Amino acid sequence: MQPRNMSMSGVVDLAAVKAAQEAKAKAEQTRAEAARQGGTGAVSPAELVIDVDEAGFERDVLQRSAEVPVVIDFWADWCQPCKQLSPVLGRLAVEYNGRFLLAKIDVDANQMLMQQFGVQGIPAVFAVVAGQALPLFQGAADEQQIRQTLDQLVQVAEQRFGITGLSVDPDAQPGGGAAVEQAGPYDASLNAAAEALDAGDLAGAVRAYKNVLADDPAHPEAKLGLAQAELLQRVQGFDPQKVRQEAAEKPTDVDAQIAAADLDLVGGHVEDAFGRLIETVQRTFGDDRDTVRRRLLELFEVVGPEDARVVGARRALARALF
């Protein structure tokens, strides 16, 4: 699977947020199951540095990046700077105590991955967060610079995706710390929804998520997935130029502003979407104001309640209302 680009200050990727939330919920379920079975769900410090190849990349990097930021060290045995950098990264992985996982990829044995990431020279260090790839640095770097980059990575993972890392047990034995993932009661419906999204069947995805919520109205994965699928369904037939022109010409038109806010969010302009609707709340009254407020709350669900931008927008909405 080819990695996707991501800027640490950039766009919200709806699929990535969905993957992060789903994996987070499954990780919590796995830890709970491990606790019931007398385990901790923790990994040993030795498991914080792993060797990854093309066959295991999706399992060991993409899937795990939904519960812990994965830092990728592209290296080769003949690369002298690699021999200086790799031990530093390994030591920091243990020191950071599960806040990131270090995946070492030998470029000589995994040239396809090297090409997919666009690696031009080594050492090269990337990260994958919630299935998205981003470059960190290439070539030599001093430890202070590496720490600053890792601190920023960890902060983005926590604030934007709710990814808090792995639990580490110094006494755990390698390979014995993690419990086997248990299937949840709604996994079949959630998988059907994900497959429908991948196939572009937004109506099917909406139905699948609603089926879960009919039994469990507070189910976090289904609530998030439904909000995303309904957003994509709403904008599917939009003419972006027409929508934005109408919004510019009709600042008090509730429908025009809501449609533009939906486009803003899908395009990754989160603050613009929130700000547009908060300003519309300030300009409107009665039923119109309530319509805008409800749509804003729906968009909060898409981004995630713990996102700093949602927290700030909630405060702004409260000021606008009261």
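**View 1. Salt-bridge network of R91, E95, E143 and R147.** In this predicted model, salt bridges (a side-chain nitrogen of Lys or Arg within 4 Å of a carboxyl oxygen of Asp or Glu) link R91, E95, E143 and R147 in a network. By this rule the count comes to 14 salt bridges. The model is predicted, so local features need pLDDT of at least 70 and side-chain atom pairs count only at pLDDT 80 or more, while totals for chains, interfaces and linings use all residues. Residues are numbered from 1 along each chain as its sequence is written, and side-chain values use heavy atoms, with hydrogens and water left out.

**View 2. Salt bridge between R234 and E298.** The N to O distance is 3.7 Å. R234 belongs to helix α8 (residues 220-235) and E298 to helix α12 (residues 286-303), so the pair ties together parts 64 residues apart in sequence. Helices are DSSP runs (H or I, at least four residues), numbered from the N terminus. R234 is partly exposed at 23% relative accessible area, as is E298 at 34% (buried means under 20%, exposed over 50%, partly exposed in between; 1.4 Å probe, protein chains only).

**View 3. Salt bridge between D262 and R295.** The side chains meet at 3.0 Å, N to O. D262 in helix α10 (residues 254-266) and R295 in helix α12 are 33 residues apart. Both residues are buried.

**View 4. Salt bridge between E279 and R283.** The N to O distance is 3.6 Å. Both residues lie in helix α11 (residues 270-283), four residues apart, about one turn of the helix. E279 is partly exposed at 41% relative accessibility, and R283 is partly exposed at 38%.

Definitions and conventions:
Helices (H or I, at least four residues) and strands (E, at least two) are DSSP runs, numbered from the N terminus.
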